[in-house]
Every structure is written in C-alpha cells, then in structure tokens.
Amino acid sequence: MIKPIKISPSILSADFSKLGEEVMALEKAGADYIHIDVMDGHFVPNLTIGPEVIKKLRPLTKKIFDVHLMISPVDKFVKDFINAGADIITFHPEATPDVSKTIDLIKKEGKKVGISLKPKSQINLIEKYLEEIDLVLIMSVEPGFAGQKFMPEVLDKTRNLWKIIQENNLKAEIEIDGGINFQNCVDAKKAGANILVSGSTIFKENNGDLKKNIGILRTNK
Ligand code: DX5
Ligand code: ZN
C-alpha cells in the first residue's frame, strides 16, 4: 500500500542568518518534517550544524525534526541530538562499527530511526535491519552538499527496496534525498519513496515561494 507523501525541506538551503524564521516559515508553508543535515567534515567533506543549533530551533516549531547525521562516530553523539530535540535520527551504516547497537541506542530513547544509503551503497548492507527501523533514506546525490544533480540510477534501488518492504509487510518508509525537483519527484514517488527531502527546489524555485514549492512536490504525479 502506498504510504502518504511527506515533504521534508532541508534547512541546508535556508538563510542561516535567520534560521529560526526560516523554520517557522516552513511550518507555515505546510512542511511535514524539518530535515536537518549534520556534517562533520570527516565522514563527508563539509561542516554544518550541531546539537546546539537544533536546541535553539526546537521551541520554534512542533514539526518533526528529521535529523540526517553524516558524522562518524555516531553513538557518541546520539544522546546530544536527542536531548536537542531530534525526533528521527538517520545515520549511515558505514559510520558506525555496530549498526544494531546504534539502532538500539536511538530506539531506547523512544525516537525513530533511519538508515541512509549513499548512491553506491546497496540494500544488502541494511536488509537485516529493515524490520527494526522506521525509514531508509536513499541518497540520490553523494552526501555533503546541497544543490547537486539527482542521480537517476538510485531509482532501481528504490524500487527493489519498496518491493522488499511490501513483500514482507514492513512499516519502514522510504525517504529520498538529493537533487529532488518538480520532475524527478514523480519518478521517486513511482519508485516507492514517500518522504521527499528538498533544499534547493523548495528555497529557490518560484522566487522562494515555500508554500507553492512544497505543494508542487507533494502533488505532482
Ligand atoms: C546532502 C544533504 C541533502 C541536501 C538536499 O548531503 O543530505 O539533504 O541538502 O539539498 P538539495 O535538495 O539541494 O539537493
Ligand atoms: Zn539530508
């Protein structure tokens, strides 16, 4: 059964000098989640924000904080992100020595857990954890930067994953992240993704009309 479409705008493309206002504007514009990209300059070649910034944003919205950790190690920081207000924590399996332990750490705190696959990372890397997790985040660009071009080759992986989820009646949702625009969002949905992350399209198309852009991403078929 197709799961409802959710839009998770990435604040990496927001104006960091007024991040609080941007998050409130996203809520008003109809975002389902707020996607927060955390990078450490080590697991990925870029640096972004950490728990202190998330903590400051937390009182400004009730929206779900969808925290995408592109950091290694992971376990050492899980509690900090949960205390800061993360609702979903997604990590990369290559970034942690014991994936089960990281999953348990997040679930023990009552938070949702996601595992992310880089464009070249295959499903077999995470298949055995599928029953325990809430979502799989398929990266459709190499993690590290906003504004990159969507890699259509990840659609096959998305379709295969969706098939496994359906055949086994699993609750896991599929989120897709990187280079999503008004055209390829249709392909992503058809392939089985129901949570769409978008930075550049939401903040830059139609002169930054957040509501319009979120609406188009949600409804384009
Ligand atoms: C990339 C991040 C993405 C990115 C999305 O490493 O995980 O969330 O910021 O931005 P766009 O939609 O511009 O590719
Ligand atoms: Zn992301």
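Strand E2 contributes the most to the shell around ligand 1, giving three residues. The model is predicted.

In total, 20 residues surround ligand 1. The closest are Gly-144, Asp-177, Gly-179, Gly-199 and Ser-200. Sorted by class, the shell holds eight nonpolar, ten polar and two charged residues. The space that ligand 1 takes is the largest pocket.

Polar contacts to oxygen atoms of ligand 1 come from side chains and from the backbone. A polar side-chain atom of Asp-177 lies 2.7 Å from an oxygen atom of the ligand. For Gly-179, a backbone N or O atom lies 2.8 Å from a ligand oxygen. Ser-10 also takes part, with a polar side-chain atom 3.4 Å from an oxygen atom of ligand 1. Taken on its own, ligand 1 has 380 Å² of accessible area, and the protein covers 100% of this area.

A separate feature concerns Pro-119. This residue is found in the loop between strand E5 (112–117) and strand E6 (135–139). Its relative accessible area is 10%, so Pro-119 counts as buried, the cut-off being under 20%. Pro-119 and Val-154 are 35 residues apart along the chain.

Technical notes: Residues numbered from 1 in each chain as written. Chains lettered and ligands numbered in written order. Predicted model: local features only at pLDDT ≥ 70, side-chain atom pairs only at ≥ 80, totals over all residues. Heavy atoms only, no water. Near = heavy atom within 4 Å. Polar contact = N/O pair within 3.5 Å; in protein donor to acceptor, adjacent residues only side chain to side chain. Areas by Shrake-Rupley, 256 points an atom, 1.4 Å probe, with all protein chains shown as cover. 1 Å grid on protein atoms, 1.4 Å probe; cavity = no way out; pocket = protein on both sides within 12 Å on 5 of 7 lines; lining within 4 Å. Sits in = over half its atoms within 2 Å of the grid points. Helix = DSSP H or I, 4+ residues; strand = E, 2+ residues; numbered from the N terminus. Nonpolar A, V, L, I, M, F, W, Y, C, P; charged D, E, K, R; others polar. Buried < 20%, exposed > 50% of the residue type's maximum accessible area, 1.4 Å probe, protein only.
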